[in-house]
Amino acid sequence: MGVRAIVFCVAVAGLAFVALSLAGLVSTWGFDWVTIESEEPEPESTPEPTPTPTEAPPPAPVVAELEIDPRYPPDTQWRVFDVPSALNVRAGPSTAHEVLGTASLDSTVTLTGQVVESPTSGIWVQVHANTVSGWVFAAYLTPAG
């Protein structure tokens, strides 16, 4: 009977110790819980690569080469208007292309009949202006006459 009483007392004392420690009283009596840390190092996380911004190339114009375009017939004279001083004549049908020369305000250019319509920038026509041939934005041209 004596062993059972000791086991019972130890069990009751253990429950009392747990109850008192949960209530915060054990640490006020000088007892405290001990934290044991693992000796195994935590695996290092692999950082996510930072995306590198890239400059998107200009959208390619939708080339709609027309045999006969009633709006811009070949070999017709057009006057440059609605520009501050000159219209850029470019190597291709967009502002991303190199400027080859200019056509001054109120000068005339001759259309070649080549027309490109871009969904982002509008209609470009190929012209001969002064001593240079290239592409101009059609909104700055009006029929000469």
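## Helices and strands

Two helices and seven strands make up the secondary structure of the protein chain, counting DSSP runs numbered from the N terminus (H or I, at least four residues, for helices; E, at least two, for strands). Going along the sequence, the order is α-α-β-β-β-β-β-β-β.

This is a predicted model, where local features need pLDDT of at least 70 and side-chain atom pairs count only at pLDDT 80 or more, while totals for chains, interfaces and linings use all residues. Numbering starts from 1 along each chain as its sequence is written, and side-chain values use heavy atoms, with hydrogens and water left out.

## Burial and contacts

Of the 145 residues in the protein chain, 23% are buried, meaning under 20% relative accessible area (1.4 Å probe, protein chains only). Take the contacts (heavy atoms within 4.5 Å) between residues at least 6 apart in sequence: 53% of them join residues at least 24 apart.

## The largest nonpolar core

A nonpolar core here is a set of buried Ala, Val, Leu, Ile, Met, Phe, Trp, Tyr and Cys residues joined through side-chain atoms within 4.5 Å. The largest one has 18 residues, and Tyr-72, Val-109, Val-125 and Leu-141 have the most contacts inside it. Two or more residues each come from β1 (77-80), β2 (86-90), β4 (108-118), β5 (122-129) and β6 (132-137), with β5 giving the most, four residues.

What does Tyr-72 touch, leaving aside neighbours within four places in sequence? Its contacts are Trp-78, Leu-111, Gly-113, Val-115, Ile-123, Val-125 and Ala-138.

## Ser-94

Ser-94 sits in the loop between β2 and β3 (99-104). Its relative accessible area is 13%, so Ser-94 counts as buried.

Notes
Buried < 20%, exposed > 50% of the residue type's maximum accessible area, 1.4 Å probe, protein only.
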